[in-house]
Amino acid sequence: MAEHMHAYFRSENDAESALAKLQKLKVENIFVDSIPDDTDRGIFIPAAATNVGGGSGTSGVPGYLEGITHDDENTFTHMLEFEVDEEDAEEAFELLKKEDAYVDESLGNKFKK
């Protein structure tokens, strides 16, 4: 079974860089798309923040923001969406962390260590 993932980036280059690195895994239905300005972007968390234990999840992560919304100055411009084989899902998520991706809180919680 495949795991469906969305990741959000501050530039198309960042999203394309992550996409290139994901190619070594069993991924399919991959695409990078720009996020229209009028899209409700909700609140996203840094994928890297998921490896922090206890508390609010913010301690020990340099530069961590409690969440980033559309109104923040660091708005996301591109989304990477893909399906990854279940056996590669954790590795894909680790790759997203290294690429400074932001994810929906539910995806971050799924891979929280």
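What percentage of the 113 residues in the protein is buried? Buried residues account for 41% of them. The structure is a predicted model, with an average pLDDT of 78. Its secondary structure consists of three helices and five strands, which follow one another from the N terminus in the order β-α-β-β-β-α-β-α.

**Overall architecture and confidence**

- A pLDDT of at least 70 is reached by 70% of the residues.
- Where pLDDT is low, predicted coordinates should not be read in detail.

**Nonpolar cores**

- The largest nonpolar core contains 24 residues, of which Met5, Phe9, Leu22, Leu80, Phe82 and Leu96 touch the most other members.
- Two or more residues of this core come from each of strand S1 (2–9), helix H1 (12–22), strand S2 (27–34), strand S4 (78–85) and helix H2 (89–98).
- Helix H2 gives the largest share of this core, namely five residues.
- A second, separate core has five residues, including Tyr8, Ile35, Phe76 and Met79.
- Beyond its neighbours within four places in sequence, Phe9 is in contact with Asp14, Ala15, Ala18, Phe76, Thr77, His78, Leu80, Leu96, Glu99 and Ala101.

- In helix H1, the buried residues are Ala15, Ala18, Leu19 and Leu22.
- Viewed down the axis of H1, these buried residues fall within an arc of 105°, so they line one face of the helix.
- The packing partners of the buried H1 residues are S1, S2, S4 and H2.
- Helix H2 has Ala89, Ala92, Phe93, Leu95, Leu96 and Lys97 as its buried residues.
- These buried residues of H2 pack against S1, H1, S4, strand S5 (102–104) and helix H3 (105–110).

- Glu81 is located in strand S4 and is buried, with a relative accessible area of 14%.
- The side chains of Glu81 and His4 are joined by a polar contact of 2.6 Å.
- Residues up to four places away in sequence aside, Glu81 touches His4, Met5, His6, Asn29, Ile30 and Phe31.

**Residues with positive phi**

- Most residues other than glycine have a negative phi.
- Asn29, which lies in strand S2, has a positive phi near 50°.
- With a relative accessible area of 53%, Asn29 is exposed; Asn29 is also one of the residues that Glu81 touches.
- Asp100 has a positive phi of about 60° although it is not a glycine.
- Asp100 follows H2 and is placed in the loop between H2 and S5.
- The relative accessible area of Asp100 is 59%, and the residue is exposed.

Terms used: Residues numbered from 1 in each chain as written. Predicted model: local features only at pLDDT ≥ 70, side-chain atom pairs only at ≥ 80, totals over all residues. Heavy atoms only, no water. Helix = DSSP H or I, 4+ residues; strand = E, 2+ residues; numbered from the N terminus. Buried < 20%, exposed > 50% of the residue type's maximum accessible area, 1.4 Å probe, protein only. Core = buried A, V, L, I, M, F, W, Y, C linked by side-chain atoms within 4.5 Å. Contact = heavy atoms within 4.5 Å. pLDDT = per-residue confidence, 0-100. Arc of directions from axis to C-beta. Polar contact = N/O pair within 3.5 Å; in protein donor to acceptor, adjacent residues only side chain to side chain.
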